Amino acid sequence: MLEIREGVVEYLEIDGQKELKGTVRISGAKNSALPDMAAAVLTDEPVVLENLPYLLDVSTMRSLLEHIGFDIQELSEGVFSLRLKDISSLEAPYELVSRMRASILVLGPMLTRFGYAKVALPGGCSIGTRPVDLHLKALKQMGADITVEHGFIYAKAPYGLKGVHVRFNKKTVTGTENIMMAAVLADGETVIENAAMEPEVVDLANMLKKMGANIKGEGTDRIIIKGVKKLSGVKHRIIPDRIEAGTFAVLSALFGGSIVLENYPVRYLDYVHKVFNKIGIDVVPISENQVAVRSSQKLKPVYIQTKEYPYFPTDLQAQFMTMLSVVEGRSRITENIFENRFMHVPELKRLGADITVRGKDAFIKGVEKLTGAQVKATDLRASAAMVIAGLIAEGKTRIYDIYHLDRGYENIDAKLRLLGASVKRGFEEISG
Ligand code: UD1
């Protein structure tokens, strides 16, 4: 199990510009694994999840579920059995929620199955304030009595939740998932309007349906759920991680297409591929589940706007920015989802990138090359952007606060070393 070491800061040191080639296997999706694990709260029967990635966030969710009373067993590599037979606590403590905001995903399932939940209120995070007001508003509409006191959300529904018409005024991924999970055991029909359409929402719906839930419309912005009395256990395989896939696709493009990507979810990355094409990069299938990413021309600058699925994901914004920082000409990226998701810009500038931020826009003027420096990983995806930058930069790059990377990228240093990268981890004692 992955964990954070106390009293030390961990760094990743990359000696850049090594030739990368070989095959990388894309892991199971973090953003499917977390809601799918939370969905195991909805039944007293065993839930078996396959292709579960070994990530810090998955370990955090495991700790949270074990705190609630789960028995979790590793059956074989990447295959886990999760079972909640006897509850020991209906609380998600601050220590775990502060590590991972997605802990909020246990709120809907605990409340709908047990009529009570106490979940620490997630605080702000490095990419923005990220409130959970839409989750709470919808649960209140479903009849929950919710109060927020002393930093905790107290939710009660002793007589169960009822099906209602929920309209999110903003598309929210975990909000949609939380309400979908609450609605599967609610009394009557719930309609979620302006629902998130991400593949991870669809994956969760597929899993819930195998457990006996009645759900229609997942993958569209209108999901209809008819509550059932009880859900059963299930065996379910986590879908491939489209963000990890997109991250390695960027890397492959920067290294002339010599990296083959296996278990690559082509269907989830349509829009991203359109953007690649505009830059002059093609994603070509080489077998049923393998692709190569190639460019047969000089790369061109581009304008990218982040937007909810099926459009360009905010979770790939930082990685594309690194790529565009070495593409000749002027590119622009508008970040529409999170208000503070340009924390990687000052770090990229330390490597020599020429980027100016004005509000939601980053203006990128391509430079000839990046040069190694010491930088910080400011959030999960920004840390991936730093790794890509370090791999293309001249000389050594040392990335601090690398635990962000372990939250969402399985075995990244091993995967990179297999491709021929010079990557090593180290620790520095925290003084003072
Ligand atoms: C999920 C993903 C994360 C991704 C994000 C956007 C998981 C575990 N995480 O996060 O990787 O970056 O979607 O694609 O799946 N908002 C509110 N009130 C709410 C909820 C959200 O104002 O109650 C706002 C957020 O601040 C943000 C926007 O809505 O500006 C979208 O956030 P949301 O889709 O909820 O992100 P997460 O589900 O937390």
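This section describes the strand pairing in a predicted model.

Residues are numbered from 1 along each chain as its sequence is written, and side-chain values use heavy atoms, with hydrogens and water left out. Because the model is predicted, local features need pLDDT of at least 70 and side-chain atom pairs count only at pLDDT 80 or more, while totals for chains, interfaces and linings use all residues.

Helices (H or I, at least four residues) and strands (E, at least two) are DSSP runs, numbered from the N terminus. Two strands are taken to pair if DSSP finds at least two bridges between them.

Strand E1 spans residues 8-15. Of its 8 residues, 7 are buried, so strand E1 is largely enclosed by the rest of the structure. Buried means under 20% relative accessible area, exposed over 50% and partly exposed in between (1.4 Å probe, protein chains only). E1 runs antiparallel to strand E24 (residues 422-429), joined by 8 bridges. Here Asp15 faces Ser422 of E24. E1 also pairs with strand E23 (residues 396-400), again antiparallel, over 5 bridges. Ile14 has Thr397 of E23 as its bridge partner.

An open sheet of 4 strands has the order E6-E7-E9-E8, with mixed pairing. Strands E6 (91-92) and E8 (145-149) are at the edges with a single partner strand each, so one side of each lacks a neighbour in the sheet. E7 (residues 116-120) is antiparallel to E9 (residues 152-156), with 5 bridges. Ala117 is bridged to Ala155 in E9.

Helix H4 (residues 107-114) lies across E6, E7 and E9. Its direction is at about 160° to E7. Axes are lines fitted to C-alpha atoms, for helices over the stretch in contact (heavy atoms within 4.5 Å). Angles run from 0 to 180 degrees between N-to-C directions.
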